[in-house]
Amino acid sequence: MINKNTKITVLMGGPSDEAEISRKTGKAIVNALSGLGYSVVGLEYHPECVLKQLQELNTEIVFLALHGKYGEDGTIQGLLELAGIPYTGSGVSSSAITMDKIFTAHIFKEQGIRMAKSMSFKEKEGIDFVNNQILKNFNMPVVLKPACEGSTIGIEIVKESNDLKDAICRVFKVESRILVEEYLDGEEFTVPVMNGKAMPVIQICPHSGQYDFHSKYTKGATDYLVPAPISEELKSEMQLMAEKGYHVAECEGVVRFDMRTDHNGVPYVLEANSIPGMTETSLVPKSAANIGISFAKLCEMILEGAGLNKV
């Protein structure tokens, strides 16, 4: 049973390209829980010695505020399971599946969750082979994504076939496995799910027209409409898709499902984020605030879901 005397460590930062965003998330969570009277400290994530550090702090609960590789991919979750230290969020397998866009696409499509047409490729197959396969199987524009990066890192939207080969080379410099998707030319949305229940849908309106790293993390670069000004039918469809994805991947805690519509307004799941950003201006807190859940209360609700023996 978690109480105000339970020793909580918020794990943040680390070797991921998303470390700085993780630190902002972690600091906001520490401040929120501390304000509620919890015994909480923040800890910079060093994978090679993290277990020793947690033991030195007499940690009883780990609140995971990590983003990207070694944080959302099941590795730290596996370490904490072995060490017997309860932690927030999804378990080993669930985290690994939702972090890997290729595995996510395979599993979600198999279970009838609508996703864009896609193919996966490995760098060892050769740039020319990958280029030719994309041109053979897709119309421009296409989206190229590193398999296991977040925060739109490494993503390329290719509008002209002459630009494709260079874009493939750039994405393979980020990661040796990539997912290629057809481009959906509708609107951008996100749906948080907490403990299996979908929260209000947010419509994402980047001023640049493209929700890239700059639009995500530059203040004033994007408008967020919550609740999204859409029909009840579309809202319900997206919430049901997000809830199904949550259950199919056997997620726990709060998971955010990013979606996009096509030109006919039909929604598609883009990806799942098992440890979404949690600053006071992040998307999940915006959705929670719309139904009367404060940022501090949201952090407390996530904390209360900490445990072991997760999938």
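Q: What radius of gyration would a compact globule with 311 residues have, and what does the protein have?
A: For 311 residues, a compact globule would have a radius of gyration near 19 Å, and the protein has 19 Å, so the two agree. Bear in mind that this is a predicted model.

Q: And what box do the C-alpha atoms fill?
A: Taken along the principal axes, the C-alpha atoms of the protein fill a box of roughly 60 × 45 × 35 Å.

Q: On to helix packing, then: at what angle do α1 and α11 pack?
A: Helix α1 (residues 19–35) and helix α11 (residues 295–304) pack at about 95°, their axes being 9 Å apart, and that angle makes α1 roughly perpendicular to α11.

Q: Which residues make that contact?
A: On the α1 side they are Ala 28, Ile 29, Ala 32 and Leu 33, and on the α11 side Phe 295, Ala 296, Cys 299, Glu 300 and Leu 303. By class, the contact of α1 with α11 has eight nonpolar, no polar and one charged residues.

Q: Which residues of α11 are buried, and what covers them?
A: Phe 295, Leu 298, Cys 299, Glu 300, Ile 302 and Leu 303 are buried in α11. The cover over the buried residues of α11 includes α1 and α10, together with the strands β1 (7–12), β3 (61–64), β8 (188–194) and β12 (254–261).

Q: You mentioned α10; is Ser 287 buried or exposed?
A: Ser 287, which lies in helix α10 (residues 283–290), counts as buried because its relative accessibility is 0%. Leaving aside residues up to four places away in sequence, Ser 287 touches Pro 192, Met 199, Pro 200, Ile 202 and Val 226.

Q: What about Gln 53, and why does it count as buried?
A: Gln 53 sits in helix α2 (residues 50–56), and its relative accessible area is 18%, which counts as buried because the cut-off is under 20%. Apart from residues up to four places away in sequence, Gln 53 touches Leu 43, Glu 44 and His 46.

Q: Where is the cover for the buried residues of α3?
A: The buried residues in helix α3 (residues 75–83) are Ile 76, Gln 77, Gly 78 and Leu 80, and what covers the buried residues of α3 includes β1, α2, β3 and α4.

Q: What follows α3?
A: Gly 84 follows α3, and the phi of Gly 84 is positive, near 75°.

Q: Last one: how do α4 and α5 pack?
A: Helix α4 (residues 92–99) packs with helix α5 (residues 101–110) at an angle of about 100°, with axes 5 Å apart, and α4 and α5 are therefore roughly perpendicular to each other. In this contact Ile 97, Thr 98 and Met 99 of α4 meet Lys 101, Phe 103, Thr 104 and Ile 107 of α5, which by class gives four nonpolar, two polar and one charged residues.

Conventions:
Residues are numbered from 1 along each chain as its sequence is written. This is a predicted model: local features need pLDDT of at least 70, side-chain atom pairs count only at pLDDT 80 or more; totals for chains, interfaces and linings use all residues. Side-chain values use heavy atoms; hydrogens and water are left out. Axes are lines fitted to C-alpha atoms, for helices over the stretch in contact, and angles run from 0 to 180 degrees between N-to-C directions. Helices (H or I, at least four residues) and strands (E, at least two) are DSSP runs, numbered from the N terminus. Angles under 35 degrees count as roughly parallel, over 145 as roughly antiparallel, 65 to 115 as roughly perpendicular and the rest as oblique. Contact means heavy atoms within 4.5 Å. Ala, Val, Leu, Ile, Met, Phe, Trp, Tyr, Cys and Pro count as nonpolar, Asp, Glu, Lys and Arg as charged, and the others, Gly among them, as polar. The radius of gyration is taken over C-alpha atoms; the globule rule is 2.2 Å times the number of residues to the power 0.38. Buried means under 20% relative accessible area, exposed over 50%, partly exposed in between (1.4 Å probe, protein chains only).
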